[in-house]
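Keep the sequence and the 3D view open as you read.

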Amino acid sequence: MVGVCAVLFGRAPRGLDADAVARRLECEVQGFRPGQAAFSADGRAALIEDAAHGDLYLVVQRGTAMVSRRLSRKLLKETRADDATLSLRLRDFTLRRAVLGLGDAQTWRARLEELA
Amino acid sequence: MRPFDPVAVATPAFAVLVIAEMIFARVTGRGRFEVRDTAASLLMGLGSVIAGALFAFVFAGFAARIAPYALLHIGWSWSAAAACFVLDDLRYYWWHRASHRVRWLWADHVNHHSSQHYNLSTALRQPWGGVLALPGLFFLVPLILLGFPLAMIAFVHGLNLVYQFWIHTEIIDRLPRWFETTMNTPSHHRVHHAVNARYLDANFAGVFIVWDRVFGTFAAEDASDPPRYGIVGQIASFNPLRIALHGWVSLAHDLMRARSPRDAWLMLFAPPGWSPDGSHQTTDSIKARWASARLPAE
Ligand SMILES: [Zn+2]
Ligand SMILES: [Zn+2]
């Protein structure tokens, strides 16, 4: 069954699309208004601000689906950044790590450190 | 003689139908599959069968202890089996409703809802909790005390599960009105698997949707608000072990941080999302916010 599924649906999914991410968060978060956003170079993760509430969301691609988390100091276990990579470790049993290829990784890291 | 198990007999048909749905979905564009999601669902189904076999003696022991106190001694007949089927479906409704409203039971049942896809393979995504979800067994007590043979209860429950397989699909839209009114259908069960605020905690039926209509939990699928499937905090893993454990890990994590026996009790028996400081979302709070946002501005 998995083999048949791979043959029929095995194409690599397209990366995250800015509109789709915003629409998804609008569905999930009452009153969500998309603010500043940064998309990983590989298209598999994004950080996006909720301009209405001042929150910051991590959105990752899982197959053809998306998974979002509102980031907080409690959720973030470790945040590391070098010139072009932001690595997050989370206290989340099914989403333990996210790596984003971002040109301004240091700026976003500083932003994450300010989270409540 | 081995007891007749409708699920075991139907399993080859399940496999054929999953493949048929994949081909239909690919050809017509109706229905969505994801390789890793389907693989996870199938492994969850396999694990559930193994867990069920391992813990069968617990269920059998539990039932055997209650059976001597039965009020009646109902023998095998078609009419008795039909009555047992209907009453077991009523039992299923209340067990299923409790499984969404009681955190302890949700820790197990959440697995069935953990996919963001909705296709026949999702039907096979079943929990492994078995004995950990012990309170669920108590819903069987009335049937046993009424005096239905234990093998009959197991048989009709198997039939109920077989019925529920085919409703996990997006390729069937609506069925004739009389059928949608009385029976659980793909449309009704899509609503049950949806996380859209309007659909939360609705359509707990197994076979007869009548129970939801009678007990006030029915919601109709609305074409203007297509279901988004999964759970409120979607999981980000296709690993069957992580899927099977995530509800239990989350519950254990919260219990370890309980500050009083009362908090621990409520973490086990209050609706999922309950927290001492009210900082987490419950389906009730999500629905209330959604409803208030819909009110016309005064
Ligand atoms: Zn359910
Ligand atoms: Zn289901």
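B:Asp201 sits in the loop between α9 and α10 of chain B; helices here are DSSP runs of H or I with at least four residues, strands are E runs of at least two, and both are numbered from the N terminus. The phi angle of B:Asp201 is near 55°, which is positive even though the residue isn't glycine. B:Asn203 lies in that loop between α9 and α10 of chain B too, and its phi is likewise a positive value near 55° in a non-glycine residue. For background, most residues other than glycine have a negative phi.

How buried are they? B:Asp201 has 17% relative accessibility, so it counts as buried, and B:Asn203 counts as buried at 0%. Leaving out residues up to four places away in sequence, B:Asn196 touches B:Asp225, B:Pro226, B:Pro227 and B:Arg228; a contact means heavy atoms within 4.5 Å.

## How to read the model

This is a predicted model, where local features need pLDDT of at least 70 and side-chain atom pairs count only at pLDDT 80 or more, while totals for chains, interfaces and linings use all residues. Residues are numbered from 1 along each chain as its sequence is written, chains are lettered from A and ligands numbered from 1 in the order in which they are written, and side-chain values use heavy atoms, with hydrogens and water left out.

Which residues hold the zinc ion (ligand 2)? Its protein donors are B:His112, B:His168, B:His189 and B:His193, each through NE2, lying 2.1 Å from the ion. Donors are N, O and S atoms within 2.8 Å of the metal (3.2 Å for Na, K and Ca), and because water is not among the atoms, sites may look incomplete. The angles between the four donor atoms run from 95 to 157°, so the arrangement is irregular. (Four donors are tetrahedral if all angles lie between 85 and 135 degrees; four are square planar and six octahedral if opposite donors are over 155 degrees apart and all others between 65 and 115; anything else is irregular.) Along the chain, the donors of this zinc ion (ligand 2) follow the spacing H-x55-H-x20-H-x3-H. B:His168 is in the loop between α7 and α8 of chain B and B:His193 in the loop between α9 and α10 of chain B, so this pair ties together parts 25 residues apart in sequence. B:His168 counts as buried at 2% relative accessibility, and B:His193 is buried with a relative accessible area of 2%.

The zinc ion (ligand 1) is 5.9 Å from the zinc ion (ligand 2). The protein donors of the zinc ion (ligand 1) are the NE2 atoms of B:His96, B:His100, B:His109, B:His113 and B:His192, at 2.1 to 2.2 Å. Distant parts of the chain are linked by one pair: B:His96 in helix α3 of chain B and B:His192 in helix α9 of chain B, 96 residues apart. Both B:His96 and B:His192 are buried.

## Two helices of chain B

α7(B) has 16 residues and spans 23 Å from first C-alpha to last, close to the expected 22 Å; the expected span is 1.5 Å times one less than the number of residues. Its buried residues include B:Met152, B:Phe155 and B:Tyr163, and among the elements covering the buried residues of α7(B) are α1, α3 and α8 of chain B.

α11(B), residues 240-256, has 17 residues and reaches 24 Å, close to the 24 Å expected. α11(B) bends by about 45° at B:His246, the bend being the angle between axes fitted to the seven residues ending there and the seven starting there. B:His246 is one of the buried residues of α11(B), as is B:Trp248.

## A spot in chain A

A:Leu16 lies in the loop between α1 and α2 of chain A and is buried, with a relative accessible area of 14%.

Note on methods: Buried means under 20% relative accessible area, exposed over 50%, partly exposed in between (1.4 Å probe, protein chains only).
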